Structures are given as structure tokens and as C-alpha cells.
Amino acid sequence: MREQGARLSWQLVEVTGPSMAPTLLHGDWLLIQKISSGAELVREGDVVVLRHPLQQDLLIVKRAVERREGGWWVLGDNTFVENDSREFGTVPDELVVARARGRFRPPGELQRSVAGAASWAASCVRLLRPDRSFSRRLRAR
């Protein structure tokens, strides 16, 4: 993930990699709200930015699935990518640095038709809310 802007409570970051597909795709931009003291604003189902527990200079995006002793259990929405709590366990609160509030998906290519442009415009900006929670689907299985 690549950060843009100064140290503000709101920031834009670019998503890299496939771990949150289909919710977030490589190249999407997130509007994030920084969290000052760990996971105070995080709820189950939220998309969060955190420091990778095994490589803390790396920021990653995951979904906060469940509050456990010692922190958050986080998973990527792409079940084929295991760079999440299945690999590194529970994430301590102090490593959760931001909560994603919205997603912008840039156009993949020049839209040549009105229908193509309208389709992209209808889906390019989306608020990220926990009511569309991947974690609820996991618990229902």
C-alpha cells in the first residue's frame, strides 16, 4: 500500500495486491481515518489498515473479523490469499492504524461508450461499511 499526503487523521492510500478482492482490487484508492490509540473505532466487519505483525514497516489492508484476546483476528476477503491472521495470528490493537471509510476505483481503461462510462461511474465510489461484512458470511458457514 502506498500512502499519499501528510500525517492527517484522514488520508488516501492505494491498494496493492489481491488479498481483499473482490471488495478491493489492485489499484483502488481508499479514504482512511487514522486511529490514534489502536482499535478504539474498529468494529467487526470493518476494513482496516494495520502494520504487518511480522514486518511492521509494511502496511496491509484486511477485514477485522473478530475481537479476540490480544487483539483482532483479521482476514482478507480473497480466501485464496493467506497473508492474514491464519498466517500470523491475532493482531494487537496498537498495530491497527486506520479504518477504511470509502473506496474509489479508477477506470481500468478509457470508456468509449456512454453505457460503459455510466457503469463505471455507478460503481467507482463506494462507502465501506461493516453491514456488508465478509465476517458474517464466514460465521454463517
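A salt bridge here is a side-chain nitrogen of Lys or Arg within 4 Å of a carboxyl oxygen of Asp or Glu. The side chains of Asp-84 and Arg-86 meet in one, at 2.7 Å from N to O, and by this rule the count comes to six. Keep in mind that this is a predicted model, where local features need pLDDT of at least 70, side-chain atom pairs count only at pLDDT 80 or more, and totals for chains, interfaces and linings use all residues. Residues are numbered from 1 along each chain as its sequence is written, and side-chain values use heavy atoms, with hydrogens and water left out.

**The chain overall**
- Reading from the N terminus, the order is β-β-β-β-β-β-α-β-α-β-α.
- Out of 141 residues, 43% count as buried, meaning under 20% relative accessible area, while exposed is over 50% and partly exposed is in between (1.4 Å probe, protein chains only).
- Of the contacts (heavy atoms within 4.5 Å) with a separation of 6 or more, 52% are between residues 24 or more positions apart.

**Salt bridges**
- Arg-105 pairs with Asp-28, and their closest N and O atoms are 2.8 Å apart.
- Arg-105 sits in the loop between strand 7 (96-104) and helix 2 (114-123), and Asp-28 in the loop between strand 2 (10-14) and strand 3 (29-34), so this pair ties together parts 77 residues apart in sequence.
- Asp-28 is buried, at 2% relative accessible area.
- Asp-93 pairs with Arg-67, with 2.6 Å between the closest N and O atoms.
- That pair also links distant parts of the chain, 26 residues apart: Asp-93 is in the loop between helix 1 (85-88) and strand 7, and Arg-67 is in strand 5.
- Asp-93 is partly exposed at 23% relative accessibility, and Arg-67 is partly exposed too, at 41%.
- Back to the opening pair: Asp-84 is buried at 0%, whereas Arg-86 is partly exposed at 38%.

How values were computed. Helices (H or I, at least four residues) and strands (E, at least two) are DSSP runs, numbered from the N terminus.
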